[in-house]
Each structure stands twice: as structure tokens, then as C-alpha cells.
Amino acid sequence: MHRYWKVGVAASLLVLLGARDPRPSDIRLDPPAMPRFDGTVSVLTYNVKGLPWPVAIGRYAALSGIASHLRDLRKSGRAPHIVVLQETFTTEAQSIGAAAGYRYVVRGPNPDTSGAPAMTLADRDFASGAHWWKGETAGKYVGSGLQILSDYPVENVRRIAFPAFACAGFDCLANKGALLATVVIPGAPTPIDVLTTHLNSRRASHVGDDRSIYAYRRQFDALTDFIRTSHDARYPLIAAGDFNVGSEDPRRPEILAAARQKWASRIGRSPSANLAEVSAGRRRRRQG
């Protein structure tokens, strides 16, 4: 079996949250002592491949191992302060945060969260070409698979499901979207916003590039609108997740350019409003 690590896509923007209260089940009460803020925050992004059997085999042991490793890091004082997870579709995957000792756990859109309908003629043409044998018309069997784990208090949570038509291939079986949370770090100048998402795959979706790339771009449009309408320039934003840009895929320069030009366009280019270089770290496969 394989473990999928993705380190990267992190952008430093200045933004503010439009508030929405987190669901009560999101937050774990009575946390132990929080780590002392020393001017840095560590963030791990991890696609845990928490797919149900028989789509994936042998994941119980692998997911338990992930939780155990994070717990061991905590015992040695090296646990990431914030972890963003993708593909937490199973009960075992969704339990990683609690098992690893994280005080706050928030989840992304569930299977019933509604996405926007097709709006343009091109959208409707794309939707009309969906194939049931590729999983594109079967509905949403699982939620977004997104989670944010935090050692610091979570103040606000917002979620978005991507437009219902904006998916391609077997990726349509998951209700992909984005999850945004405000994390309050005692001693830091301001809270920070943490965003995670999982965009449509390319070859793994088992459809042609014409469908996977169209879906990808419409998802990215929705993500950009979500970021631009949910923030203003007062808080930093850390955006991390499974952006499926690949190491040679033409998606990479497109997403980097859009992040710089659209996500940060309200900020300007002053030294105090720096947009950090976004890196999309290569997928590494390890035997686990």
C-alpha cells in the first residue's frame, strides 16, 4: 500500500474572515495546555488516502499508523501545530485528529452540502456530457474528506461545496469543496486563516483531459470566489491541500499565477502585504 504525502501549496496573504459560527461537534472542549507561540507556526498537509474498501485495501493499518506517528511526534514535542487532511472518508481516517491528541477538529462539506448549479452555456454543455459508467451521475457517496486539526482554538469555520456539475470522472462521487477556519494563536499579533481543499484529479479521474481540466478550472474559479468574498486584508491566510497540480502538468503555472493575481489582488504589493511563493510539492510514495 502507499502513503501519499503532499507538502506544499502554502500562500501567505493578508485577509479577514466573514464570520460563521462553527458547528458544536467541530470543537473539542477542555484542551490541555497549548503550545507556546515562539513566532512560528508549523503546518502539515497530508492526503491520507482514507478511501473505503474495496476502492482501497489495507488502509486501516496505514491510517492507524498515521495517527500513531502524529501521537509520537506530540510526545516528543515535535507535532505540527496545525494539520490539514484530505481524503478522510472513512471512520478510521476521520478519527486521526482525536487519536493524535489534537484539541480542535473541524470537517469540510458533507455529502448533502449543496453546490451551485450550472450557470453558463458551457457549464450546461459540460454537465450534459456526464457518463454514469464513470461515476459522474451517481450522486455524492461521501463528503469532501477535508479536515483541519489544530492545537490552537478555532474561532470561525466556513465551508463550500464546489458547483454540483464541476467534477469529472470518479471524483464526482465525493462532494469536493473547501474548508476555511480562523485559528487564534495566543501571543500572535492576529489570528490566522487556514484553508484546505482537494481539487479534481487528472488521470486518476479516468476521463479525458477535456473533462478533467474543465472541471478543475471551474472548481478553481469557485475556490477563488470563496477566498475573495470571505476575507479582507487583516489576517494572514495559509492555503494548503491537494491541489492536484502535478510536477509537469500545465495546471501548475496556471494555479500559481491565479493565486498571485486573484487571491491577492485586493492586497497590493507593499512589503507588508507579501504574497509568498506558492509551491506545490511533489507527491512522494512510500511503502507503508
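**Notes on a strand and its surroundings, and on salt bridges**

1. In this predicted model, strand β8 (residues 177-183) pairs with β9 in the antiparallel sense, over 6 bridges, and within this pairing L180 has L195 of β9 as its bridge partner. On β9 there is also a parallel pairing with strand β10 (residues 235-239), made through 3 bridges, where D193 is partnered with L237.

2. Strand β9 (residues 192-197) is largely enclosed by the rest of the structure, because 6 of its 6 residues are buried. I192, V194 and T196 point to one side of the strand, whereas D193, L195 and T197 point the other way, and all of them are buried.

3. The whole structure contains 6 salt bridges, and among them is the one between R74 and D151, whose closest N and O atoms lie 3.0 Å apart. This pair links distant parts of the chain, since R74 belongs to helix α1 (residues 59-75) and D151 to the loop between β6 (147-150) and β7 (154-161), 77 residues apart.

4. D151 also forms a salt bridge with R103, at 2.3 Å between the closest N and O atoms, and R103 sits in the loop between α3 (96-99) and β5 (104-107), 48 residues from D151. R74, R103 and D151 are thus linked in a network of salt bridges; D151 and R103 are both buried, while R74, at 23% relative accessibility, counts as partly exposed.

5. The side chains of E136 and R211 meet in a salt bridge of 3.1 Å, N to O. E136 lies in the loop between α4 (121-128) and β6 and R211 in helix α5 (residues 209-230), so the pair ties together parts that are 75 residues apart in sequence; both residues are buried.

Definitions and conventions:
Residues numbered from 1 in each chain as written. Predicted model: local features only at pLDDT ≥ 70, side-chain atom pairs only at ≥ 80, totals over all residues. Heavy atoms only, no water. Buried < 20%, exposed > 50% of the residue type's maximum accessible area, 1.4 Å probe, protein only. Helix = DSSP H or I, 4+ residues; strand = E, 2+ residues; numbered from the N terminus. Pairing = 2+ DSSP bridges. Salt bridge = Lys/Arg side-chain N within 4 Å of Asp/Glu carboxyl O.
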